[in-house]
Amino acid sequence: MLQGHFSQDLNEVSPLLMESETRVTRYKVNSSDGDSEDCLWSYIRIVIGVLITGWLTVTVIVGFPVLGYYLLGDPYKRGFFCDDESIRHPYKESTVTSRVLYFVGLGVPIITVSGLENSERGIDIGKYLVGRLRPHFIDICRPNVDCNLAENRWRYIEDYQCTGTSAKKVHDSRLSFPSGHSSFAVYTMVYTVMYLQARMTWRGSYLLRHTIQFLCLAMAWFTALSRISDYKHHWSDVLAGSILGAVIAFLVARYVSELFREPVYMPREAVATEVEVEDKTSP
């Protein structure tokens, strides 16, 4: 009797096994090498198209407004004290140049463009409204004021003219607060860290994910510190720019791109029904 039940169960299972083999064979026939190569090249074209679109979007949304601020904007003309040592540092070239910063920063996921726009707009508004003098202001401006005179030693000087030869550098020397480099670096790298945390979840990626995240944060930290050591910004400028970039990165990741949204799974019954429909309609 037991043997009869076993034979009956085997007869019921055999058609299912044959059907599974048929599906596998059909999949192998349809998935030829030519189709795989076509899919690969299609994917590459899509990625290249997204990158080009992203760069153009960044140029239009972010680049043009920043260029307009720089060409047409006039920062607030702030005075200074002759004995203020914080603005008497020598001028130095940037350790992390703008080209390097933008080249690395714009390599992050393209969804960051929306947050990048808001971050850069906030930075520019702060720079032109506050007009804080950079640490190398005296070296670049060379104001026509004799600070050796006793009456100028403790006086807040507002009536002065810069005698520096570079009008571009004089204009830039009044745009210290907040730090744009720090904001850009922290925003792009913090968003990348959160993106990797949410998307890089396959098995065995734990160590690699945290290594890349550490390198991203280290690059942002190095960029921020270089702005102080290069006498481009005061420490408070760097702190304010970093906080702004980190906050906007969190808001974009949490509410715009929805990186940490729970995935929606289809019930097994719906999946089984969909598979049956495909099998019936296929030749």
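Predicted model: local features only at pLDDT ≥ 70, side-chain atom pairs only at ≥ 80, totals over all residues.
**Notebook: aromatic pairs, cores and a surface patch**

Residues are numbered from 1 along each chain as its sequence is written, and side-chain values use heavy atoms, with hydrogens and water left out.

**Overall layout**

I counted 11 helices and two strands in the protein, taken as DSSP runs numbered from the N terminus (helices H or I, at least four residues; strands E, at least two). From the N terminus on, I read the order of elements as α-α-β-α-α-α-α-β-α-α-α-α-α. Of the 283 residues, 31% count as buried, and the accessible surface comes to about 18800 Å², with 64% of it belonging to carbon and sulfur atoms; these areas come from the Shrake-Rupley method with a 1.4 Å probe, and for residues only the protein chains shown count as cover. Among contacts (heavy atoms within 4.5 Å) with a separation of 6 or more, 85% are between residues 24 or more positions apart.

**Aromatic pairs**

I searched the whole structure and found five aromatic pairs, a pair being rings of Phe, Tyr and Trp (its six-membered ring) with centres within 6.5 Å, where planes under 30 degrees apart count as stacked, over 60 as edge-to-face and the rest as tilted. The rings of Phe80 and Tyr160 have centres 5.1 Å apart and planes at 80°, so I logged this pair as edge-to-face. Phe80 lies in strand S1 (residues 80–81) and Tyr160 in the loop between strand S2 (156–157) and H7, so the pair ties together parts that are 80 residues apart in sequence. Phe80, at 2% relative accessibility, counts as buried, and Tyr160, at 2% relative accessibility, counts as buried. Phe137 and Tyr160 form an edge-to-face pair, at 6.3 Å centre to centre and 85° between the planes. Phe137 sits in helix H5 (residues 137–141) and Tyr160 in the loop between S2 and H7, so this pair ties together parts that are 23 residues apart in sequence. I therefore marked Phe80, Phe137 and Tyr160 as a cluster linked by ring pairs.

**Nonpolar cores**

I defined a nonpolar core as a set of buried Ala, Val, Leu, Ile, Met, Phe, Trp, Tyr and Cys residues joined through side-chain atoms within 4.5 Å. The largest one has 20 residues, of which Tyr187, Tyr191 and Leu259 touch the most other members. Helices H8 (180–199), H9 (206–229) and H10 (235–256) each supply at least two residues of this core, and H8 gives the most, with 10 residues. Apart from it lies another core, of 11 residues, including Cys82, Phe137, Ile138 and Ile157.

**Ser173**

I placed Ser173 in the loop between helix H7 (167–172) and H8, where Ser173 counts as buried at 0% relative accessibility. Leaving aside neighbours within four places in sequence, Ser173 is in contact with Arg132, Leu133, Arg134, His136, Phe137 and Ile140.

**Surface**

I noted a nonpolar surface patch of about 1100 Å², with Trp221, Trp235, Phe250 and Val256 among its residues. H10 gives the most to this patch, with eight residues. Val256 lies in helix H10 and counts as partly exposed at 46% relative accessibility. Patches are made of residues with over 30% relative accessible area and no salt bridge, with like charges joined within 9 Å and nonpolar side chains (Val, Leu, Ile, Met, Phe, Trp, Tyr) within 5 Å; a salt bridge is a side-chain nitrogen of Lys or Arg within 4 Å of a carboxyl oxygen of Asp or Glu.

Technical notes. Buried < 20%, exposed > 50% of the residue type's maximum accessible area, 1.4 Å probe, protein only.
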